[in-house]
Amino acid sequence: MPRYLVACDAGGTMTDVIVVDEAGQFVIGKAPTTPHDESIGFVESFDDALTYWDEKLAQDGRSVCENAETAIYTGTSMLNTLINLNGLKAGLIVTRGFEDIIVQGRGSQTFIGFEWSEVSHMQYRKHREPLIPRRYTRGVTERIDMFGQPVIPLYEHEVETAVRELLADGVESLAIVFLNSFVNSMHERRTAEIAANVMKEVGRTVPIVVSCEVAPIVREVSRANATVIQAYAAEPAREQLINVEKRLVERGYPHSLKTVLCYGGVTNIRYPRLFETVMSGPVGGIMGGHYLATKVDGLENLVCADMGGTSFDAGCITASILPIDREPAFQQMYVNVPMLDIRSIGAGTGTYIRLDPDTNRLKLGPDSAGGTPGPVFQNAGNEIPTIGDCDLLLGIINEENYLGGRIKVHKDKATAIFDEKVARPLGMDVQKAAETCVDLINVMMREHLIRSLMLGYDLRDYVLLGYGGAGPMHLAGYAGDYPWKGVASVPHAAAFSAWGGACMDYAHRRHKSVSALIPPGEYAVAMKQQAAQAVSAGWEELEQQLLDELLAEGFTRDQVSLKHSAYIKYYGHLDDLEVPSPFERLHDEAEVDQVLAAFEDIFTKTYTLAGKPPLPTFQIGEVSVVAEVGTVKPTINTYELEGKEPPKSASKGKRPVYQEGHWTDAPIFEMDELRAGNEVTGVAIIEAPNTTLFVPPGWSARLDERMIFWLNRGGN
Amino acid sequence: MCAMLAERTMKLTEQLANNERLLKETGYMFGMEDLKRKQEDPGRYEAVWHILLNICNTAWDVGCRVSSSAIAVDGGDALWGLHLPTGEAVCVSKGITAHPGLLSLFIRSLVELGYEDDPGIEHGDMFENNDSHYGGIHASDFDAAIPIFYDGELIAWASGVSHVMDCGAILPGSIGFMNPDAFSDGVPVTMEKVGENDKYYRWYEMRMRSRTRMPDWVLGDARGRLAGMITIRDKVTEVIDKYGVDFFWDAIREYVEDGRRYAMKRVKSQAVPGRIRKSNFKDLAMEGKRVILPQQDVNCLFNQPLEINISGDASVRFSLAGASGWVPFGQNITPMAMTSALMNAYSHMVGFDMFNWGAVASWDLETPPDGSWANPYPANLFAASGVAWAPAVMWMSSLYETFGRLYYTRGYVEEVAAGAATTLTAEFSGIGQYEMYVAGLTLEQASNGAPARGMADGENSAWCIYTPNADFGNAEVSELYYPIMYLGRNIEPDSGGYGKYRGGLGHTAIWMIKNTPGLEYQCGCAGIRSKVVGNHGMYGAYPTWPDRGGYAAGTNVKELIDAQKPLVHERGDPVEPNLEKNIKADVLESNAIAPFVTPHQLHEYDLIIHPVSGAQALGDPIERDPELVLSDLNKGWTRDWVAASVHGVVANYDEKTKEWTVDAPATERRRAEMREERKQRAVPFREWWQQERERVIAKENMASAVLDMWRSSTQLTPAYGAEIRAFWQLPEDFTF
């Protein structure tokens, strides 16, 4: 029997399932996401995927499920729990005087994701609804100083009272967050002990979550948010995942379901630290790119860009190192959860096009009609023109077969509304105005890639990988005339994020704050020795935690590989940089010097030489260890190259496309019928049921032996 | 295009004169009646704007990360921008919106002072200024600029500004409220060329090392400014390569003119023409406190009038006629800096589509009276400006309210903002926990309560009038910088103004000194109300409290800790403050009038109570929905006696459910009683006016600060004096 991988990416609008067989062949299914019970959308999408193999889940599902090596699910259940505020009734014990830590948060949490003109507009300010209200928060007297010394001992009598009161209030979980517990956790751990004893005495036990275990990292607001998310949302989210697993098990799936971690990697859905999955939606795409880079030469520096209906999400992999944001902004909170650093702007096919009534300036988004109601041409209630309407008016979207014919296109309506609301006020004809809008959104996306992600890096070292439902359609546009090393896409671009879910190793990651200062001059040698000890001790502690965890999950030591990093900055700077270490421990001055040299190299690439202090003092503030276990992943086949000329079966005729101010009859190709080695010269359109690859004038597309599309400027 | 080519061959001084002539003659900046580039290709126009904005924000990313001070990175007290050759800001990064005007005027001053000829302007040159005599605001804000040349032509400037932690003033830190004169304001950099070939001169580094207390941080910020500016210069050059120098030349001017048009259209569509005024008074109570020079042992009162005249075509004219005289403290500001402050407040209330100099060109700011706190140098060339933002903050708050009234009048209720909170700063200096000297500012003040809106309460801890990047960061990060330990940082109940919609609440930080042999604390100000209630809220609201801090030195805190007795984690009910209730100390002050410097050095286990204020409210407090009062009671954001006495809400606490409930009938009765009490207290206006007139004539209960203020106001602006006399029907020869 063939073996399969099943991967699912349940997004806010659609649930994508990809089923890959051992030969690397795949099918993609789509169905609306069902937030109240995500297993429903999952089953429908799975069923849809199998129809492409002429099978039905109800009839033939067992043969796939029973032979599935692994099933991986990325959903929105934790996100929905936070949005809908239907998590556990959690209690919080904090350092006395910080009872408002969740309610008050930080001022900057009130404008996360805002445009600058919105940031400057006080009237928009709003704190998010707290996950734990002040009423279920208790302060207890204690203080540990920044060196880890207990200056005010834990007032244990206050702890006992607090726990009793919170249990009497009916809390269903308990979070504990004390200042500086990342340096010395004794007060938090003692509080947990007392709480456990009180619970035993009272006869009611609830989960206890302590911040020193969740995220032993400096910055109490972010650590508190992470701890509270775990206490509030982990278990309700787990229920959804278990429901999905049940559906698979009913069909014979013999293993446990896996889910995706924010920092890339999969884990068992019974993993205790489920808060690490809180924002795993966009992870799949980056991890898919990362995996592709292990199989295809020349992709070690990769910019991954996902364009859908609403947002344009991008992440940058440098030297195969995943970009990690250790304090990401999420749901109006800063959270100490390491996440892949994926930056988004509001740009997609659903992005609204408006003209400012005061200035007649062309404004794109940032809001969007998304997939529903979607562009005007879908005739589903939206009457504001969108980028998708422009793609249609330019002839790039197939009005006869949009999304494989599943959605009827109302081109006349789109034309009339676009003309009235955009083209005429700009004094342009419809097509010229549509092309102007598309060019502008492409510039916005391109600038987002370059300015947000690349800072000082050299584009000539990077391949741009475009995916997402609308990614291939705009890829050449947002690649622009910048000197990328290459511009690439894949046939399964529409479900690349789901596919990426199947490409991850089993991974756990831990971070810990440490303190090491290395000044110039006579003390440098001694301080380097101290730094080596501090960093090594941190790594050792984290390694032990990770190995204990993975061995308890049934893996053997030799299955686990470890990666060590240090976070370094010039003393006085606030932002540090991740520096991967070639050493598992730092033993001497020379090894410390090597790590510091690597830091300086990254610093000057990221910023400018002007920023480098002449006689720097280095500060190492944090260390991390990633433990990975290899998993079964999709095969990436190598195909024999055929001729440049696409086969006749790939040709779907021609249709007029408007580009650079005039109409051209563009050849249309069926993506599934193209063969490795084929080349298509723009203007051309390559269609698949779920996506469209557009090859503009002056560009060509070549399908290589790995079935990767390479877009090249300058025609052939 | 020929005119453009001709202009491009002009010297910068000629371009400046030409720009002014064209604006005067045509009513449009640069004479641009038509925005041709915008009309010809709106997509390219927007695309290049988008690219330039991204370039500035990239400079922010680079510059802030390279900068050393927490105030730049976590506090957002920095900014980078792109300017026309004559200084006008085209496009700026996120950051402290109070600065683009200053940067524009700094570059303009370089032009006006003939720097093109002497010392000349070359690629790689770096210019800096922090001298308020030449367009700076105060010595801790360093304005910097580098030219951008293209094919040998000076095509634009890149700018950067950051606030340093110590500027070498007479007292440590960067908020020099106590500076008696300009000589104590800090290390001056007076319109200087500070480097070439993208490197600071050696003397610059030497000066910063010998004349500031935290030179590593100061020089780190300098590197950050430079790194950001180089980023702008390099990326802008790429833009010009791509889109052409002619397009760039036109487009950057069109963006500025577009900014002007937007500001005017916003005023036209949302405000009303006419004249609107607001009186506002700010005090500075220093009598009897630790000061630097004997003449500072005084109380000062600032008259901060705001008058706005809006014409039918939506042009706006601002006036400070009646502003009182300069003060012997670092709270004087120059007209140039006031322009930038106004640009900042305008961006909050009028908004912007393209945040640039265009808004400034849409209004006129009358030169404030010579010798006033807003224009001190004609009378005293050496007036101090250590925290020049302080009076500007209060004046900007008035602008919130006046524009709020205009918007309310037109029905744009959601755009209203009652007056802003003040921003009480905390600075420490002494030997830090690493046994090294440290001096600097915490971020505590940068996240106040937000003003009440026209249809909702203000948000708690969410706004700062001088930077929209409102944030106070993490306590754990502040503890890394200074030898302090937080004992509390909670929302302060009832700290916003009271009204139908209350002001957003501030918070109170409680610090215990630790890991130092001694530490100085300055409770300074970027806005402050010592005793006088500045800004009052709108439409019948009651104002917020004045700013009051607290401290205790020589305490029994260690004994209390050892005995596990209660400490101080919140200010507590002002009727019985926790400091007084729980602590014994050699010196204990729970209601210290801000600003102040603690009289003596503080030592381990001494305590500080540092308030961060709430903002102003809107509407009558007894019209507040009892459900909102109830919600505040249950969240601990108001006290029952406030609910009863201010809002007329009768509430009961259920010990069992630990929740409050409102007694609706009792509340109705209480409110009816309050209305009746008001009626009983009320007197007809004419009667009140007559009583008050008699008091004015007799100068009854007028402290010297009050008399000094009125005297200088009426002398510095005789027309204002005449108006005052006319209103009170005082004799022609009446003087205060």
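Predicted model: local features only at pLDDT ≥ 70, side-chain atom pairs only at ≥ 80, totals over all residues.
Helix axes are lines fitted to C-alpha atoms over the stretch in contact, and angles run from 0 to 180 degrees between N-to-C directions. In chain A, helix α3 (residues 77–84) and helix α9 (residues 220–250) have axes that come within 8 Å. The axes cross at roughly 130°. α3(A) and α9(A) are therefore oblique to each other. Their crossing is right-handed. On the α3(A) side, the contact is made by S77(A), M78(A), T81(A) and L82(A). α9(A) contributes I229(A), A233(A), P236(A), A237(A), Q240(A) and L241(A). Seven residues of this contact are nonpolar and three are polar. No charged residue takes part in the contact of α3(A) with α9(A).

Chain A as a whole contains 17 helices and 34 strands. Its C-alpha trace spans about 80 × 65 × 60 Å along the principal axes. A compact globule of 716 residues would have a radius of gyration near 27 Å; the value for chain A is 27 Å, which agrees. Of the 716 residues in chain A, 56% are buried. Among contacts in chain A with a separation of 6 or more, 66% join residues 24 or more positions apart.

The contact between the chains takes 59 residues from chain A and 83 residues from chain B. On the chain A side, the elements giving two or more residues are α5 (116–119), β8 (150–152), α9 and α13 (430–454). α13(A) supplies the largest share, seven residues. By class, the side of chain A that touches chain B has 21 nonpolar, 19 polar and 19 charged residues.

Definitions and conventions: Residues numbered from 1 in each chain as written. Chains lettered and ligands numbered in written order. Helix = DSSP H or I, 4+ residues; strand = E, 2+ residues; numbered from the N terminus. Parallel < 35°, antiparallel > 145°, perpendicular 65-115°, else oblique. Left-handed = near helix turned anticlockwise from the far one by under 90°. Contact = placed C-beta atoms within 7 Å. Nonpolar A, V, L, I, M, F, W, Y, C, P; charged D, E, K, R; others polar. Rg over C-alpha atoms; globule rule 2.2 N^0.38 Å. Buried ≥ 20, exposed ≤ 12 C-beta atoms within 10 Å, placed from the backbone.
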